[in-house]
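Trainee: Before I use any of the labels on this model, I would like to know what stands behind them.
Mentor: Then take the labels one at a time.

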Amino acid sequence: MSSRDELACIYAAMILHDDGAPITAEKILTLVKTADVDIEPFWADMFARVLQNRDVGDLITSIGAPCAAQQAANNSESKPVTAEEKKDEEKAVSEEEDSDEDMGFGLFD
């Protein structure tokens, strides 16, 4: 099962990073074998090569963050909102809330 192999390598790489040890294929294989998990050896080599010149801490902390290109696009498209626009938005939201109440039936009717 490749997903199990991948997970084993990911956890091993995270353990090595947490200990401050260099992430190598040999160390990944050692950790995985110590955990009594059998993996194909190419997985450890592949993960070691991918993570060789990367900051694993950065990878971990940027998992849920939007990409830089999307942030730049959002920043360039945004413009300051005037007080009048804020009032219009608040009025539209309150009208939408009112319209939900006038449906004539309840959730449990």
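Mentor: Start with two side chains: Trp43 and Phe47 are both buried. The model is predicted.

Trainee: What makes a residue such as Trp43 buried?
Mentor: Buried means under 20% relative accessible area, and Trp43 and Phe47 both carry that label.

Trainee: Why is the pair of Trp43 and Phe47 called tilted?
Mentor: The ring centres are 6.4 Å apart, and the limit for a pair is within 6.5 Å.

Trainee: Where do Trp43 and Phe47 lie?
Mentor: Both are in helix H3 (residues 41-51), four residues apart, which is about one turn of the helix. An α-helix has 3.6 residues a turn, so residues three or four places apart point the same way.

Trainee: How many aromatic pairs are there in the whole structure?
Mentor: Two. Ring pairs join Phe42, Trp43 and Phe47 into a cluster.

Trainee: How do you know that the buried residues of H2 line one face?
Mentor: Those residues are Ala25, Ile28 and Val32. Viewed down the axis of H2, they fall within an arc of 65°, so they line one face of the helix. Glu26, Lys33 and Thr34, on the other side of H2, are exposed.

Trainee: Where is confidence highest, and where is it lowest?
Mentor: Mean pLDDT is highest in helix H2 (residues 25-34), at 92, and lowest in helix H5 (residues 68-77), at 59. The protein averages 76, with 58% of the residues scoring at least 70.

Technical notes
Residues are numbered from 1 along each chain as its sequence is written. This is a predicted model: local features need pLDDT of at least 70, side-chain atom pairs count only at pLDDT 80 or more; totals for chains, interfaces and linings use all residues. Side-chain values use heavy atoms; hydrogens and water are left out. pLDDT is the predictor's confidence in each residue, from 0 to 100. Helices (H or I, at least four residues) and strands (E, at least two) are DSSP runs, numbered from the N terminus. Rings of Phe, Tyr and Trp (its six-membered ring) pair if their centres lie within 6.5 Å; planes under 30 degrees apart count as stacked, over 60 as edge-to-face and the rest as tilted. Buried means under 20% relative accessible area, exposed over 50%, partly exposed in between (1.4 Å probe, protein chains only). The arc is that of the directions from the helix axis to the C-beta atoms.
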